[in-house]
Each structure stands twice: as structure tokens, then as C-alpha cells.
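Let's work through a few exercises together. Have a look at the picture first, then try each task before reading its solution.

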Amino acid sequence: MDEERQRIEQLKSGDETALAWLMERYGSDVLRTAALLLKDRYWAEDVSQETFLTAFRKAYQYRGDGTLRGWLLRIAINLCRSKMRLASWRRLFLRESVDVDQGLDGNAAWPDSLEPGSASWMNRMTLREEIGRMPLIYREVIVLYYFHEMSTAEIAAVLEESEGTVKSKLHRARKRLKLQLEEGGWEYESSWGG
Amino acid sequence: MNQAGEDRKIRDQLRGELESVVFHEEMQAAVLSRAAEPKPSWWNREVRIPTPFIAALLLLILAIPAYGWQQAHSMQTDMVAKNTGKDASQEERIIVSAAGVFYASQLEGENR
């Protein structure tokens, strides 16, 4: 914790070694969050890089009232929302065939070099795809709850919403995910041998 | 399976799926090089204007001449109507008699 505080001070003073430390520590977490929210490899990479750049340039805005990871995730989620909004506008005005909200999965998948094996990857993709089929507001709470193992209070702090709102969103999101998993042919019990 | 067990399994599954998604060194290097770039001067800074704002501005730019044209058109119509009314009121009957040619209003004045 002391190291974190020290790094934050370095970050505020514009020290690039602190930025490297931040990326080393939280880089994959941020990238995975963006990948789950956006479902597009290139966008997720863009957003994660932009997140660290924003954190570096606006480090003075971090007041230390929440965790550093939470602050980074808030930046990443806000950037993901902006990307989604931009995609919606583009779709509306330019008639681009970017269907971000309902499945961009096939457009820019992760390269083979990053995948452990195509057959097993396909089997393991199912849960990620099911989460991707949910609306963004549910996807956010699901990712923070399941992937980051955050409590409702922590999620509320990241999303800057009341805990009650988060609880009700999470309840609906989990219900919907369970239904999707059961209906979508995802073998909820047997896939884990349960 | 109870709720906690289900949650645990979903978490494990999700972690397994995303294991290969890594913020690799090239991406870190790209961020560091962008961070090292000097801040652009304020007149040379890239500004992102939100699309709804552009749409509203565009609408306003189109609406102003349309409103102006509408105002000018209605003003012209009013003027034509006014002039027509004036002409009609100014039109006087001319009475030709043995004594000469008179306006009707002149004769009406005489009668009074």
C-alpha cells in the first residue's frame, strides 16, 4: 500500500517509471475489462492504452478516496462508454455496419498467437460471448462483480452510482445471465461437472 | 449448486477465458512513448467536438436562414396586401358631366 502511495505521488509529478509500474500491475486487468465490455480486440487495446495515458495526464485528479484499481477501472469504463456512443452515432449517421451493442465478436477477435488453442478457445469463449450479448449497463456490473470480484459498495464507487441502484442492476443482470446461459445451450452444470 | 458455488464457477470460467488477453510490452511501450511526447501548444491541440453538439450546430445553421426566409416572405406578403388595400381605397370614381370631369369625392363635398 505504501508502494502504491509512493507511485501515485511519482505519477502526479510526471514520472514515467510510475506509469510503467501502473501498466505492469493493472494493464491486463484494464485490457480484459475493456475486452469484455467492447467485445472488439482493437477497441479494447485502444481503450486500455488511452486509460493509462489519461491516468498519467490526470493523476492530479486522483484524490485517494478509493482504490487505484477502482479509479483506473472508472476511467476505462467511461472510455468504453464513449466508444460505444461514438459507434452508435456512426451507425446512425454513416450507416456503418458496426454492431457494437449486439455482437462485434467476429470482427476483430484476438489473434491466434494469444490463444491457447482454437478448439478449447471456442469452448471457453461461450461465457464471454454470453456476457457480450447483454446490454452495456448489465455488462458493466457483471464484469465488476464476477471478473473483479467487487462488492456492491465497490461497484457503486467505480460506477459513481448509489449502492441500491447497483444492487438492483446486479440482481437483474445475474438473473438475465443465468437465463441466457440456460437457454443459450451453455451447459451450466455439466461444463464444470456439477 | 448454491449461489456462492455458481458465482465461484463463473468467476473461474471467466478468468480462464481471459487468461490469454494480456497487456503486452508493445502496448506498454506505445503508451510510454505517447506519454513522453511534449504537450502540444494550445492552438495546436486536437479538440474532439461531440457529435450531438455538431448535429445541433448544423441544425441551427440550417434553421437560421430558413427562419429568415420565412420572415422575409411573410413581410413581403404583408406589404403586398397593404399596398393592394391602399390602391383599392385610393381608387376614386370619376364622374363625367356636362360641367366637366370630377372625382366623386368632389361632388360629394358639394352635396354636403
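**Exercise 1: where the chains meet**

In this predicted model, 22 residues of chain B are in contact with 31 residues of chain A; two residues are in contact if their C-beta atoms, placed from the backbone, lie within 7 Å. The model is predicted, and local features need a pLDDT of at least 70, side-chain atom pairs count only at pLDDT 80 or more, while totals for chains, interfaces and linings use all residues. Residues are numbered from 1 along each chain as its sequence is written, and chains are lettered from A and ligands numbered from 1 in the order in which they are written.

Task: Describe the side of chain B that touches chain A.

Solution. 
- Step 1: Helices α1 and α2 of chain B each supply at least two residues of this side. Helices (H or I, at least four residues) and strands (E, at least two) are DSSP runs, numbered from the N terminus.
- Step 2: Sorted by type, the residues of this side are 13 nonpolar, five polar and four charged. Here Ala, Val, Leu, Ile, Met, Phe, Trp, Tyr, Cys and Pro count as nonpolar, Asp, Glu, Lys and Arg as charged, and the others, Gly among them, as polar.

**Exercise 2: chain B by itself**

Task: Find the order of the elements in chain B, and say where confidence is lowest and highest.

Solution. 
- Step 1: Chain B has four helices and two strands, and from the N terminus they run α-α-α-β-β-α.
- Step 2: The average pLDDT of chain B is 83, and 90% of the residues score at least 70; pLDDT is the predictor's confidence in each residue, from 0 to 100.
- Step 3: Within chain B, helix α4 (residues 104-111) has the lowest confidence, with a mean of 74, and helix α2 (residues 25-36) has the highest, at 92.
- Step 4: Of the 112 residues of chain B, 6% count as buried. A residue is buried if 20 or more other C-beta atoms lie within 10 Å of its own, exposed if 12 or fewer, and partly exposed in between, with C-beta atoms placed from the backbone.

**Exercise 3: the largest nonpolar core**

Task: Which residues have the most contacts inside the largest nonpolar core, and where does this core lie?

Solution. 
- Step 1: A nonpolar core is a set of buried Ala, Val, Leu, Ile, Met, Phe, Trp, Tyr and Cys residues joined through C-beta atoms within 7 Å.
- Step 2: The largest core has 53 residues, and A:Ala34, A:Ala76 and A:Ile155 have the most contacts inside it. Its largest share, 12 residues, comes from α2(A).
- Step 3: Domain 1 (1-104) and domain 2 (111-186) of chain A both give residues to this core, so it lies between them. The domain bounds come from an automatic or database domain assignment.
- Step 4: Leaving aside neighbours within four places in sequence, A:Ala34 is in contact with residues including A:Ala44, A:Ala76 and A:Cys80.
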